[in-house]
Amino acid sequence: MAIDRRREAAGGGPGRQPAPAEENGSLPPGDAAASAPLGGRAGPGGGAEIQPLPPLHPGGGPHSSCCSAAAAPSLLLLDYDGSVLPFLGGLGGGYQKTLVLLTWIPALFIGFSQFSDSFLLDQPNFWCRGAGKGTELAGVTTTGRGGDMGNWTSLPTTPFSTAPWEAAGNRSNSSGADGGDTPPLPSPPDKGDNASNCNCHAWDYGIRAGLVQNVVSKWDLVCDNAWKVHIAKFSLLVGLIFGYLITGCIADWVGRRPVLLFSIIFILIFGLTVALSVNVTMFSTLRFFEGFCLAGIILTLYALRIELCPPGKRFMITMVASFVAMAGQFLMPGLAALCRDWQVLQALIICPFLLMLLYWSIFPESLRWLMATQQFESAKRLILHFTQKNRMNPEGDIKGVMPELEKELSRRPKKVCIVKVVGTRNLWKNIVVLCVNSLTGYGIHHCFARSMMGHEVKVPLLENFYADYYTTASIALVSCLAMCVVVRFLGRRGGLLLFMILTALASLLQLGLLNRMSDSVKDKFSIAFSIVGMFASHAVGSLSVFFCAEITPTVIRCGGLGLVLASAGFGMLTAPIIELHNQKGYFLHHIIFACCTLICIICILLLPESRDQNLPENISNGEHYTRQPLLPHKKGEQPLLLTNAELKDYSGLHDAAASGDTLPEGATANGMKAM
């Protein structure tokens with residue numbers, strides 16, 4: 001049966017000629033059909049959906065071969081990067097440059113929103129009202145932890161925060177410890193401890209994050225109510241996770257532009273209502289919906305940015321957007337100091353999204369998505385709009401895109417959902433590998449950050465809130481700069497592999513080797529490994545998201561991006577979960593992610609290389625995306641693993657099938673004799 005299918009795919013049926021190989025190293029249509037896991041029905045362009053093999057016709061060819069060939073659109077229209085994009089001038093057109101700029105500007109607002117928790121929910125220094133700082137803290141100001149009262153009583157809200165109950169054990173009345181003694185480190189409090197240590201009815205706060213009042217001081221989220229701070233942190237992250245998953249599927253079905261515009265409208269509604277919250281429950285609920293809408297904006301802008309660019313410019317354009325978002329992170333402390341109140345800060349973060357309402361009239365739908373889903377009527381109007389904006393002459397269409405488009409105007413749209421990937425052989429594997437990489441990168445980043453900030457007693461610089469904040473931001477900035485250099489020379493897969501190896505080494509050395517060192521040497525090496533781990537893990541997470549955007553077909557790109565970004569959200573969610581449980585299970589948490597890094601190193605080798613490759617447009621393209629070897633072959637060296645097209649020519653099956661000769665007894669589909 002395998003030989004019969006190979007014969008039919010090679011052109012053995014009456015009146016059929018072998019079709020040329022598709023771009024991106026994909027197989028000819030016949031081979032694509034024969035090698036698909038469910039027996040793909042592919043026309044000249046490698047059809048957009050994978051279906052079960054049709055029943056064999058007694059004459060030797062598939063029963064519906066002529067019908068499938070007639071149903072497939074023109075190869076010229078499916079080759080967006082090779083025909084449509086050059087016709088529009090690539091990224092050289094002024095209109096395309098304007099659209100790319102419009103995807104960069106909101107990254108600044110997104111950066112403000114993503115890092116607002118560090119200021120809105122920062123747990124400040126506090127003391128019982130009327131008792132005074134020194135009296136209330138019972139000598140901690142002079143002989144306490146590192147001689148700094150603020151660090152003893154504060155609860156850092158950055159991702160590397162230490163034990164959340166550390167402060168709760170020391171905020172008792174002045175009848176507590178003796179003024180000259182150093183108080184012992186508190187153990188996680190039980191119900192009885194909470195009753196004895198939190199018998200104050202009013203508190204005064206010293207907020208470290210540049211604000212006079214934040215959410216914690218507004219509703220006294222200390223002592224027995226401290227857990228509500230972590231729930232408020234959960235709400236934004238959980239909203240992002242659900243938003244990535246749901247808006248990604250919707251964007252593949254109705255388009256990128258409607259999802260972007262509706263997300264903008266609703267983030268304005270929910271974001272501004274957050275500033276009017278009357279209690280922490282209302283605040284947390286509205287933050288969930290704010291995160292949901294923010295996810296729709298992040299995801300659709302990421303996809304639109306990728307789909308606008310030619311192969312050689314995609315990574316550069318994406319990294320510029322990342323740097324703009326980091327500018328928002330660096331500017332956030334100044335914005336908080338300017339606002340002074342958390343409600344004003346929240347409103348100021350959301351109000352710039354009002355400018356994005358103009359996108360309704362100036363930002364078009366993704367032309368690449370319209371072509372991939374065969375919405376040729378809308379695509380024709382948009383192409384004419386591009387040519388008008390760029391002042392191009394439509395007669396310069398050398399490849400004949402417009403005449404081919406005219407022939408296909410009556411075709412019905414063919415949209416695909418991300419669940420379609422379950423029936424593929426290679427595409428689902430690539431997406432799952434990148435999801436695990438994203439989860440591991442963002443999850444282990446918290447472990448390294450907490451380990452570095454755990455040495456704040458011995459490194460006085462790290463005791464300051466702004467030093468903590470800018471240290472993390474600077475490491476992320478250096479990581480992105482290193483990504484630009486590494487990816488340029490090693491490609492996407494090589495760069496991801498290098499950063500994952502660095503992450504694994506830093507994690508394993510920190511967990512194992514440091515136990516054999518003295519305390520003074522151990523602290524220095526632990527900080528060094530933590531910095532290297534934060535640097536490499538940030539690159540792993542960011543590069544996994546970009547890699548997924550490139551290898552996922554256009555028809556399901558937002559769905560695939562949603563899966564990888566949601567995995568990243570799950571990784572970040574481990575930080576507040578560990579904090580809520582008083583850092584219990586932190587060491588096991590680190591060990592699990594360290595083991596995941598080793599698994600990821602092996603799995604990365606299974607991924608294709610997407611550098612300078614055209615984006616896959618349909619599931620068939622994505623399923624047969626070229627996987628090049630990690631190291632280039634030497635001149636004259638025969639590769640060990642041949643592509644199916646090379647294997648067909650090498651085995652001689654193609655010639656035998658074309659001439660109608662019978663195959664030797666015992667021959668198999670790969671040309672080898674059965675033993």
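Residues are numbered from 1 along each chain as its sequence is written, and side-chain values use heavy atoms, with hydrogens and water left out. Because the model is predicted, local features need pLDDT of at least 70 and side-chain atom pairs count only at pLDDT 80 or more, whereas totals for chains, interfaces and linings use all residues.

The protein contains 29 helices and two strands, taken as DSSP runs numbered from the N terminus (helices: H or I, at least four residues; strands: E, at least two). Of its 675 residues, 56% are buried; buried means under 20% relative accessible area, exposed over 50% and partly exposed in between, with a 1.4 Å probe and protein chains only. Among contacts with a separation of 6 or more, 79% join residues 24 or more positions apart, a contact being heavy atoms within 4.5 Å.

Helix 14 (residues 256-274) packs against helix 17 (residues 342-350) at an angle of about 170°, and their axes are 8 Å apart. Axes are lines fitted to C-alpha atoms, for helices over the stretch in contact, and angles run from 0 to 180 degrees between N-to-C directions. The two helices are therefore roughly antiparallel (angles under 35 degrees count as roughly parallel, over 145 as roughly antiparallel, 65 to 115 as roughly perpendicular and the rest as oblique). Helix 14 contributes Ile-267, Leu-268, Gly-271, Leu-272 and Val-274, which meet Trp-342, Gln-346, Ala-347 and Ile-350 of helix 17. Seven of the residues in this contact are nonpolar, two are polar and none is charged; Ala, Val, Leu, Ile, Met, Phe, Trp, Tyr, Cys and Pro count as nonpolar, Asp, Glu, Lys and Arg as charged, and the others, Gly among them, as polar.

The largest nonpolar core comprises 147 residues, and those with the most contacts inside it are Phe-119, Phe-283, Ile-297, Leu-345, Phe-353, Leu-367 and Met-371. Such a core is a set of buried Ala, Val, Leu, Ile, Met, Phe, Trp, Tyr and Cys residues joined through side-chain atoms within 4.5 Å. Beyond its neighbours within four places in sequence, Phe-283 contacts Leu-120, Leu-121, Val-215, Trp-219, Ala-232, Val-274, Ser-277 and Trp-342.

Trp-342 is also in contact with Lys-218, as is Gln-213, leaving aside neighbours of Lys-218 within four places in sequence. Lys-218 belongs to helix 12 (residues 215-218) and is partly exposed, at 34% relative accessibility. Its C-alpha atom is 9.7 Å from that of Val-278, which is 60 residues away along the chain.

Arg-557 is located in helix 25 (residues 557-580) and is buried, with 0% relative accessibility. Its side chain reaches the backbone oxygen of Ala-549 at 2.8 Å and that of Pro-616 at 3.4 Å. Apart from neighbours within four places in sequence, the residues in contact with Arg-557 include Asp-252, Arg-256, Glu-307, Arg-368 and Glu-550.

Most residues other than glycine have a negative phi. Arg-340, not a glycine, has a positive phi of about 75°; Arg-340 lies in the loop between helix 16 (314-339) and helix 17 and is partly exposed at 41% relative accessibility. Asp-612, likewise not a glycine, has a positive phi of about 60°. Asp-612 is in the loop between helix 26 (586-604) and helix 27 (619-623) and is exposed, with a relative accessible area of 54%.

How values were computed. A polar contact is a pair of N or O atoms within 3.5 Å; within protein, one must be able to donate a hydrogen and the other to accept it, and residues adjacent in sequence count only if both atoms are side-chain atoms.
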